[in-house]
Amino acid sequence: MLPSVIGPLVSSSVIQRHPANPVLSAKDVPYQATLVYNAGICKFQGRYVMVFRNDFYDKPEGRLAGVNLGLAYSDDGIHWTVTGKPCFAMGDEENIRAYDPRLTVIDGRCYMCFALDTRHGLRGGIAVTDDFENFDVLSLSVPDNRNMVLFPEKIGGRYIRLERPFPVYSRGGRDRFDTWLSCSPDLAYWGDSRLVFAVEDVPFANNKVGPAAPPVKTPRGWLTSFHAVDLDPDRGKNGWEKTWKKRYTAGIMLLDLDKPWEVIGMCKTPLLAPEAPYEISGGLRNNVIFPGGMVLEDSGEVKLYYGAADTVECLATAHVDDLLALCTSPRKDATR
Ligand code: BMA
């Protein structure tokens with residue numbers, strides 16, 4: 001049985017929010033922008049690259065006018081310059097909007113996973129680019145699936161992605177969404193799907209768990225962030241939206257290097273829980289932390305980028321050894 005209410009949550013002491021937060025917001029964007037968040041980030045050709053989600057409104061707290069993906073570059077991963085126009089949008093009779101990009105560099109090419117709302121369901125897409133101007137869409141899943149992230153290298157000769165399908169009917173007609181993994185010979189055809197971990201495995205979730213940033217390789221395993229969602233029916237308004245009863249936290253785990261569907265160790269408390277002012281107030285949906293990018297520096301510093309309150313983009317840092325030391329618990333816990 002999942003708990004009906006999770007209660008207060010705090011962030012781990014090993015991670016620090018960057019004093020420059022938010023590192024990107026609508027005021028940094030030279031075209032129509034309102035909510036700038038849930039970015040994918042990677043190091044590519046000597047620079048940090050960010051592709052961010054931009055929901056633009058006719059006026060603040062007004063009506064959603066559209067969604068596109070913007071592009072920003074940085075030399076230090078902290079200060080960003082947004083280019084003059086959005087880099088990606090998918091809108092036509094069938095496709096409504098692409099959003100929540102995640103970037104992974106594999107063999108020198110940059111791959112972008114994204115969610116795609118369509119008139120017939122929610123699809124997960126994978127595109128490739130070499131210049132962030134031209135994108136080739138390589139695959140689109142059947143509905144409903146999203147939050148795909150690619151591992152940065154082939155494992156056992158196959159490309160691997162984490163993903164979060166939406167099994168509504170078979171999980172009791174409610175949100176009970178888990179994290180899965182699929183394999184591909186070519187990034188177009190996906191199969192050999194397996195469950196990686198479920199809502200029941202995360203003590204700070206009672207609603208859904210999904211992939212966050214693409215995994216980072218360490219000698220001990222794939223260091224992998226995830227998002228965990230709890231719902232509390234007693235929560236009130238919590239943002240511009242009429243009512244917002246969910247909370248999104250970031251978790252951390254380690255996956256086996258050769259069998260990435262095996263969780264070697266999981267931290268059973270949140271890595272980041274909403275606490276800072278830009279996470280808990282003033283946003284479209286407060287209490288949301290949604291990581292989409294993780295960079296491991298040569299110094300051992302890990303930069304974790306996350307959307308906050310579905311409104312701005314933020315950065316938190318930790319040492320890789322401290323993150324690995326958190327990933328100790330078995331996936332299945334006798335208490336749940
Ligand atoms: C998820 C996605 C994310 C969003 C989050 C919190 O389902 O829509 O884009 O950040 O909800 O609203």
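## Pockets, strands and single residues in a predicted model

About 310 Å³ of space lies within the second largest pocket of this structure, which is a predicted model. The lining of this pocket is made up of 18 residues, and those closest to its centre are Pro152, Pro215, Val216, Met294 and Val295. Two or more lining residues are given by each of the elements β2, β6, β15 (216-218) and β19 (289-296), and the largest share, 4 residues, comes from β19. By residue class, the lining of the second largest pocket divides into 11 nonpolar, 2 polar and 5 charged residues.

The largest pocket has a volume of about 430 Å³. Its lining consists of 26 residues, of which Tyr37, Arg53, Arg146, Arg285 and Asp310 lie nearest the centre of the pocket. At least two residues of this lining are supplied by each of β2, β3 (47-57), β6 (95-106), β10 (145-150) and β17 (246-255). In the largest pocket the lining residues divide into 10 nonpolar, 3 polar and 13 charged.

Strand pairing was examined next. An open sheet is formed by 4 strands in the order β2-β3-β4-β5, with antiparallel pairing. Because β2 and β5 (81-82) stand at the edges and each has a single partner strand, one side of each is left without a neighbour in the sheet. Strand β4, which covers residues 64-74, is joined to β5 by 2 bridges, the two strands running antiparallel; Tyr73 has Thr81 in β5 as its bridge partner. Strand β4 also holds Gly66, which counts as buried because its relative accessibility is 16%, below the 20% limit for that class. Apart from residues up to four places away in sequence, Gly66 touches Asn54, Asp55 and Phe56. Between Gly66 and Ala33 there are 33 residues of separation in sequence, while their C-alpha atoms are 9.4 Å apart in space.

A further antiparallel pair is that of β12 (179-184) and β13 (residues 191-197), which are joined by 4 bridges. In this pair, Trp180 stands opposite Leu195 in β13. The two strands form a hairpin with 6 residues between them, and Leu187, in the turn, has a positive phi of about 75°.

Two residues in loops were considered in detail. Thr34 is placed in the loop between β1 (16-17) and β2 (35-44), and with a relative accessible area of 18% this residue is buried. The side chain of Thr34 reaches the backbone nitrogen of Tyr57 at 2.8 Å. When residues up to four places away in sequence are not counted, Thr34 touches Ala26, Asn54, Asp55, Phe56, Tyr57, Trp240 and Thr311; Asn54, Asp55 and Phe56 are also touched by Gly66.

Asp175, by contrast, has its place in the loop between β11 (159-165) and β12. At 23% relative accessibility, Asp175 counts as partly exposed, because that class lies between the 20% limit for buried residues and the 50% limit for exposed ones. With neighbours within four places in sequence left aside, Asp175 is in contact with Asn207, Lys208 and Lys246, and its side chain makes a polar contact of 3.3 Å with the side chain of Lys246. Asp175 and Leu326 are separated by 151 residues in sequence and, from C-alpha to C-alpha, by 28 Å in space.

Several features of backbone geometry were also found. Most residues other than glycine have a negative phi, and most peptide bonds are trans. The peptide bond from Asn21 to Pro22, however, is cis, with omega near -10°, and Pro22 is found in the loop between β1 and β2. A cis peptide bond also runs from Pro143 to Asp144, with omega near -15°, Asp144 being found in the loop between β9 (135-140) and β10. Gln45, in the loop between β2 and β3, has a positive phi near 50°, and at 66% relative accessibility this residue counts as exposed. Phe132 likewise has a positive phi, near 65°, and is placed in the loop between β8 (121-129) and β9; with a relative accessible area of 3%, however, Phe132 is buried.

How values were computed. Residues are numbered from 1 along each chain as its sequence is written. This is a predicted model: local features need pLDDT of at least 70, side-chain atom pairs count only at pLDDT 80 or more; totals for chains, interfaces and linings use all residues. Side-chain values use heavy atoms; hydrogens and water are left out. Buried means under 20% relative accessible area, exposed over 50%, partly exposed in between (1.4 Å probe, protein chains only). A polar contact is a pair of N or O atoms within 3.5 Å; within protein, one must be able to donate a hydrogen and the other to accept it, and residues adjacent in sequence count only if both atoms are side-chain atoms. Contact means heavy atoms within 4.5 Å. On a 1 Å grid over the protein atoms alone, a cavity is a set of points where a 1.4 Å probe fits but cannot get out, and a pocket is an open set with protein on both sides within 12 Å along at least five of seven lines; lining residues have an atom within 4 Å of a point. Grid points are joined across faces, edges and corners, and a volume is the space filled by probe spheres set on the points. Ala, Val, Leu, Ile, Met, Phe, Trp, Tyr, Cys and Pro count as nonpolar, Asp, Glu, Lys and Arg as charged, and the others, Gly among them, as polar. Two strands pair if DSSP finds at least two bridges between them.
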